[in-house]
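Please read the following note alongside the coordinates.

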Amino acid sequence: MSRLAHVLKARETGILLALVLVVVATTIKNPAFVFSGDGWRDLLLTPSILMLVAVGQAIVIVTRSVDLSVGSVVGLSAYLTGRVFIDLPGIPWPLVFLIGLVFGGLLGLVNGALVAFARVPALVITLGTLYVYRGINVMWTGSDRINSSDMPREFLALGTGSLLGIPWLTIIAVVVLVIAGWFLRTQRAGRELYAIGSDPAAAELYGLKVTRRVLAAFVVCGALAGLAGVLYAARYGTVSSQAGSGWELDAVGAAVIGGVAIFGGSGTVWGAAIGAYLLLTINRALPVIGVQDFWQRAVVGVLILGAIVLDRVLAVRQSRRLTEARES
Amino acid sequence: MSDPSEQQPAPAVLELSRIAKAFGAVVALTNGTLRLERGSIHALVGENGAGKSTLVKIVAGLYRRDAGEFLLDGESVDFASTAEAKDAGIAVIYQEPTLFPDLSVTENIFMGRQPRGALGMIDRRAMRQAALALFERLGVRIDPDRPTLGLSIADQQILEIAKAISLDAKVLVMDEPTAALSGVEVERLFAVARGLRDEGRAILFISHRFEEVFALCDTVTVMRDGAYIATSPIGETTVPEIVRQMVGRDVTTLFPKQEAAIGDVVLEVEGLTQPGVFSDVSFVARSGEIVALAGLVGAGRSEIARAVFGVDPYASGSVRVGGRPLPRRRPAAAMAAGVALVPEDRRQQGLVLESSVARNATLAIRRSLARLGLLTTAAENASARIWASRLEVKTASLDTEAGTLSGGNQQKVVLAKWLATGPRVLIVDEPTRGIDVGTKAEVHRLLSELAGQGLAIVMISSELPEVLGMADRVLVVHEGRITADIPREQATAESVMFAATHAAGEAA
């Protein structure tokens, strides 16, 4: 198969086309959706933070796990960012990125260790840590909140500023995406994640380091959620104890819409990233098109179900084609 | 036959002696002894449960031995993982290929060992070339870019062999590689195996098919009951000799079945066929008769039973009970017609482990016990009490959780559940697996009594003594076909084992 045919047949291409379709349709209805300073900026900026979380989520889902605690990790990390600026005035702002990454990574390590060693499905473990992390957040924050006045101006500028018309947050998210995509595609460890998700028992028999790899996937997922928390603080300026709540479902939804198989083994972070863009762009497009509030969540649901049905149909077709190829 | 210790001390590539392995109280292996030479294809044969798989798993690094010596190239080894065994040059091809269905054929071969270029990036082009070179060497054509999903079992096995070769394995273990292959595919596999042998690799070939053992191997080692029995050059042994070594125990004294008046035909199975699983299966069971379905694990016996009961589909053929045909895929209809199936895995399929003994024992008749749609504990207990006492279920009370009973008593509860429905045909799949000897005898006595009361019993069993002791007739299943119908008087360990390992029509 030629490279072009490969790109055209890729699952990600379909989802990208859907995104383009949504943007074009909405822009025809209201040109300001793209052709205005704010419109263009919001289009790129709004999904950037979720994209980071979705990329991490995709890495975990590829190994046939799931991390439901990412929304709580985003919240904790966002609040921590604010606290760091309040409690350590004068701290160089680039350092908070490192703090967020490491902090998120540690929370991910807790998830991964529980999953790897307690031998309980990740769904249950991370549902537990979702509440535990959020609980810690509520306890720590109380009715308090971080305000933009608590954080340095350069830091906040990063959250809304842009370079050559492209928001900084988008640039950061895309850089992370490119690195993650490159790693999963070209590195041995990356391919092993797919092998583990494709058949965990076979991976064990094969002698792959299943425990270590799954643990690493959770750490990376946590670290990206931690980074997303820092960016959340920079973007919105205010952080309450409910920051990032519900994001875990958006992240899983983005990955599934983007063609990451929920049973592991296939899909790419690129798909998950485009899925995140589609999810949040549709959310913004529906009011513009004139769809009632009431229906907006339903549309997201239809999108997820549609993606699952599409994947199922594609899988059945592929399996039939492969079987026929064998018999001819 | 010769003892390996008496052979010349030529450097064996792999040598196991007196390997022992137990899982809790269950002893799987007492004396695993094996000596593999370079450039040799060595057969390992034995009945189900003889310890072959355990031995293979120790070689593969999946299990660790409790005792004994394991030498590789003359050096003692103790693998903590499959990765270590692989690094030491041991490749194992399991019965079920261990592939990653979503990944490409090429990736499957080289997973974890991909050729790399700058920045540790996998060199896909080099990897693809290497895969093509391997396939050329093996004389097969498989698209290296396709996913392994949907590959035939034969191609999957070729892929496993390609993996082993790319590892440059010294020792290649094949655990029943031909079980799912057609004749042509077997020939291709054998050609590959001979090629590898001529390169000086050692191959351990586990198979139940004697014709293949004699066609391919140069040496054969027999195991029985977890212990080494004998090793012989293939030219110095015969099939009857090997069968004798495999069975080699007194099987006449156990489990006498009481004589029962054998009456009319109750169950008739005719021409039952499900492609790839079983074909043209025909048999009858009469009232008062115990018919055993004997054969090796994987021969298709449980599948036949499940199809008769209506759990699994079948493509053609018919099942009649008392002269009336049963519809396909309708277990409820089979139950209504008086068929009961006691499944092989009682913990998974036979019992609700968390529920009480009484509830389990009345599960199959709960609709008729219910009054106005409500099921009372009193009604359950009343019915359960009758059966518990008739079957002598040993339980603290009827409220006890079924999962806490011993294996034998669990089996009795499952039996009680089905007997409460008043069946005419009882199909029991491995009725005494995992049950201690004392309770085993009780289960046998029970089955014998039930036959005496006029039930037609179809018993699937992999234990020869049980088959020989209990059955009025032995039907031997080999690769999904009934290859022999042996009446009680003529059934011997040798005749059953021979039929279980040979296609129909072959002479001894």
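At what angle do helix α6 and helix α7 of chain A pack, and how far apart are their axes? Point 2 takes this up.

1. Conventions. The model is predicted: local features need pLDDT of at least 70, side-chain atom pairs count only at pLDDT 80 or more, and totals for chains, interfaces and linings use all residues. Residues are numbered from 1 along each chain as its sequence is written, while chains are lettered from A and ligands numbered from 1 in the order in which they are written. Helices (H or I, at least four residues) and strands (E, at least two) are DSSP runs, numbered from the N terminus.

2. Helix pair in chain A. Helix α6 (residues 94–118) and helix α7 (residues 122–141) of chain A pack at about 145°, and their axes are 10 Å apart. Axes are lines fitted to C-alpha atoms, for helices over the stretch in contact, with angles from 0 to 180 degrees between N-to-C directions. Contact here requires C-beta atoms, placed from the backbone, within 7 Å. On α6(A) the contact is made by Leu107(A), Val110(A), Asn111(A), Leu114(A), Val115(A) and Ala118(A), and on α7(A) by Ala122(A), Ile125(A), Thr126(A), Thr129(A) and Tyr133(A). This contact has eight nonpolar, three polar and no charged residues (Ala, Val, Leu, Ile, Met, Phe, Trp, Tyr, Cys and Pro count as nonpolar, Asp, Glu, Lys and Arg as charged, and the others, Gly among them, as polar).

3. Chain B overall. Chain B contains 18 helices and 20 strands. Its radius of gyration is 26 Å, close to the 23 Å that the globule rule gives for 508 residues, so chain B is as compact as a globular protein of that length (the radius is taken over C-alpha atoms; the rule is 2.2 Å times the number of residues to the power 0.38). Along the principal axes, the C-alpha atoms of chain B fill a box of roughly 75 × 55 × 45 Å.

4. Six-stranded sheet. An open sheet of mixed pairing in chain B has the strand order β16-β17-β18-β13-β19-β20 (two strands pair if DSSP finds at least two bridges between them). Strands β16 (339–342) and β20 (481–487) of chain B are at the edges with a single partner each, so one side of each is left without a neighbour in the sheet. Neighbouring strands of this sheet are turned by 20° against each other on average, direction ignored. Strands β13 (residues 290–295) and β19 (residues 473–478) of chain B run parallel and are joined by five bridges; Gly295(B) stands opposite Val477(B).

5. Four-stranded sheet. A second topic is the open, antiparallel sheet of chain B in the order β12-β11-β14-β15. Strand β11 (residues 265–274) of chain B pairs with β12(B) over six bridges, and the bridge partner of Val269(B) is Phe283(B).

6. Helix α9 of chain B. This helix (residues 301–309) lies across β13, β16, β17, β18 and β19 of chain B, at about 150° to β17(B). Helix α9(B) also lies across β11, β12 and β14 of chain B, running at about 115° to β11(B).

7. Domains 3 and 4 of chain B. Their bounds come from an automatic or database domain assignment, which gives domain 3 as 254–338 + 424–432 + 439–508 and domain 4 as 344–422. Their C-alpha centres lie 25 Å apart. Ten residues of domain 3 of chain B are in contact with eight residues of domain 4 of chain B.

Notes: Two residues are in contact if their C-beta atoms, placed from the backbone, lie within 7 Å.
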